[in-house]
Structure formats: C-alpha cells, structure tokens
Amino acid sequence: MKKIIVTGGLGFIGSNLIDLLLKKNFFVINIDKATYSSNYYNVKEFKKSKKYKFIKLDIKNRKFENILFKYKPNGIFNLAAETHVDRSIDGPAEFIRSNITGVFNLLEVFKEYTKKNKKAKLVHISTDEVYGDVLKGRSKETDPYKPSSPYAASKASSDHLVYSYVRTYNLNAVITNCSNNYGPHQHPEKLIPKLIYNIINNKPLPLYGKGENSREWIFVDDHCAALFKVLQNGIKGDFYNIGSNINSSNLEIANQLINIAKKKFKLGKNVKIKFVKDRPGHDVRYALNSKKIIKEIKWKPKINLSNGMNLTFKWYLNNQKYFSSIKIKEAT
C-alpha cells in the first residue's frame, strides 16, 4: 500500500484531501501541530481506520525526519501553514516562522530523505494571493509575484524556497497556487463559513468596505482532485494554478447564502449585511488562469458555485457541533 504524508491534515483542505486519499486506498500519515485552526472534528471519521495515522508535530521540528525514514512515504502534500490574512496583519511573526522557516526545515528533511527514496515527490500547496491585486485578466504561472499582506508574502517566500531546492538540489517538488476554497470543515474565520455561522445564529453579516472585493471560488473537493492529479503527473519544478474561472464579489456571496438559507428556515431579524471598515492593503481582485493544469494534467473543476454553496451550507447546518468544537469568538 502506498503511503502519503499530509502536513496540516487537521485543517480544512488537508482533512478533505485525506478523505480523498483514503478512498483511493492510500495509507495516510497526518502531521499537524494542532493550533487554533486545526480541528480533530475534521478527522473524527478516520480515527478508526487502519490506513490512517495522526502524529502531532510541528514541521519545524527535526523529528519530522525520523517520521519520513520510518514510514517511507511515496509523497508529501505540504498544507501546513498559517493562512488568515487578518491575523498576519495583526501579528506577522508566526506567519514567518510557520510559512517560511517551517518550509525550510521540511525541504532540508525531504532533501535527505530523497537520497534514499529518489521517486518520492513533494507537492507544496500555495495561494493565488502571491500574485497580488489582479484588476484585469487572470494570473498565469509566469506572472511576477506581488504579495500585499504578510501572509501572502510568507507564502510567496515559501514558493521561492521550494523552487530553489528544485534548481539547486534537484528536489522532486511541484508548487500549486489555488484560488479561494470553500466547503465542509473550513474554519469560520474565513468568509463563507463565517457568514453561514452568523446566518444560523441570527447575527449580522460583516463585509469589508462595500463588499465589492472579487474572489475566484473553488469547491474544496475539486481542489483536492487537482492536487492528486499533480502528485501523479506534475512535472518537477513546475507551478500549477488551480482555479474555477468563476469570480464573485463578497456581496454576491453573502446574498447567495441568504437566499439558500431562506429556503431552509425563517431568517432571524438580525441577519442583515453590515459593511465594516476595510482592512489595510485589501486586494480588490484575485483571478487565476488555469489553462495549464487543464491542458497538461487533464483536470478541470466539476462542481459549480451554486451546487457547491448548497452543499456547504447543508454541511454546516447538519454539523453545528463543529462550531462548538472551536472557540465561538472566532466565528463572530
């Protein structure tokens, strides 16, 4: 049975990716340092599986090397990262430690491991935010990085580090840059689960500025399917944009969720859009050109925004214990 390590597997995308890998009969080793954005609720269905192993560990810890040589994985998906822009503005230091120093340690360890396991591959998962504001058109893999937030800058730095190890040490690694994900298990500091939580709990729906900021949205299952394709067929040293080619403003997302909720229950009187002061350096628009992965890897998204939003709302409505498994103040 092939073995895969997923770092950050207690998180949103990581836990959904583990679900996909287990269904494909991989043995999955989940390595996570279990911070605020990690959640054991996300992996409760895997705990009894003989194909699943959880190890609490920070990727900055050199013990990570022992795990690689013990389990001898065929590949690593690196999703361990601090990801919330607002938090990076308030306190960037942890983003530098996790997203840069952590990746540096992972690369050093993986470099030693691949001396004996030359076919092992690293898939480093990054973000569309490294490209910065894209007022027109869609970002291609060859476009320059212009990150706006400490979070985006730390992810851009990690991408450069990975690529430098490919060039200098011939490391078998690829980098993916994905658009905004949504779906089950996402921490409610993010827009869509935050809005869903507030709708369910009769709270106002806060939107920065006038809600005009535009994002490209992709359902998490589509992203995970793309990552698996990249593990199989991605070319060493290549970058792959992963997106849906669908952009919506934050205001459009909020209104869509309100309409979904109206069909399920009577809305509380406090469920109203509330515009709040914009955050510093808030990018107006992100948009990716994903033609490369569609053409070369033969992947394309299958779940449209309407279906994905309905599936997402239904999951949170049916899994309200998820909210009680985190600090409620994080969800308001």
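Predicted model: local features only at pLDDT ≥ 70, side-chain atom pairs only at ≥ 80, totals over all residues.
## From a buried cysteine to the sheet

Residues are numbered from 1 along each chain as its sequence is written, and side-chain values use heavy atoms, with hydrogens and water left out.

Back to C178, then: does its sulfur sit within bonding distance of another cysteine, or too far away? Too far: the closest cysteine sulfur belongs to C224, 9.0 Å away. A disulfide is a covalent bond between the sulfur atoms of two cysteines, and the cut-off used here is a pair of cysteine sulfur atoms within 2.5 Å. Looking from the other end, C224 has C178 as its closest cysteine by sulfur, at that 9.0 Å, which is too far for a bond. C224 is buried as well, with 2% relative accessible area. The disulfide count for the structure is 0.

Now for the sheet. Helices (H or I, at least four residues) and strands (E, at least two) are DSSP runs, numbered from the N terminus. An open sheet of 7 strands runs in the order β3-β2-β1-β4-β5-β6-β10, with parallel pairing. Strands of a sheet pair through backbone hydrogen bonds, either parallel or antiparallel; the criterion here is that DSSP finds at least two bridges between the two strands. At the edges are β3 and β10 (239-242), each of which pairs on one side only. On average, neighbouring strands of this sheet are turned by 20° against each other, direction ignored. For angles like this, axes are lines fitted to C-alpha atoms (for helices, over the stretch in contact), and angles run from 0 to 180 degrees between N-to-C directions.

Zoom in on β1 (residues 3-7), which runs parallel to β4 (residues 75-78) and is joined to it by 4 bridges. One partner to look for is N78 in β4, which bridges to T7. Packing on the sheet is helix α1 (residues 12-23), which touches β1, β2, β3 and β4, and its direction makes about 170° with that of β1. Contact, by the way, means heavy atoms within 4.5 Å.

Stay in β1 a moment for I5, which is found in that strand. Is I5 buried or exposed? Buried, at 0% relative accessibility. Setting aside neighbours within four places in sequence, I5 is in contact with I29, I31, F64, I67, L68, P73, G75, I76 and F77. I5 and F26 are 21 residues apart in sequence, with 9.9 Å between their C-alpha atoms.

Next, the aromatics. The structure holds 21 aromatic pairs. Rings of Phe, Tyr and Trp (its six-membered ring) pair if their centres lie within 6.5 Å; planes under 30 degrees apart count as stacked, over 60 as edge-to-face and the rest as tilted. Take Y40 and F54: their ring centres are 5.6 Å apart and the planes sit at 85°, so this pair is edge-to-face. It links distant parts of the chain, with Y40 in the loop between β2 and β3 and F54 in strand β3, 14 residues apart. Y40 is partly exposed at 44% relative accessibility, and F54 is partly exposed at 23%. Y322 and F323 also make an edge-to-face pair, 5.9 Å centre to centre with 70° between the planes. Y322 is buried, at 2%, and F323 is buried, at 3%.

K292 lies over the face of Y240, at 4.8 Å from the ring centre. To qualify, NZ of Lys or CZ of Arg must be within 6 Å of the ring centre and within 35 degrees of the ring normal.

A34, though not a glycine, has a positive phi of about 60°. A34 is found in the loop between β2 (27-32) and β3 (52-56) and is partly exposed at 26%. N170, another residue other than glycine, has a positive phi near 60°. N170 lies in the loop between α5 (150-169) and β6 (173-178) and is exposed, at 52%.

Key: Buried < 20%, exposed > 50% of the residue type's maximum accessible area, 1.4 Å probe, protein only.
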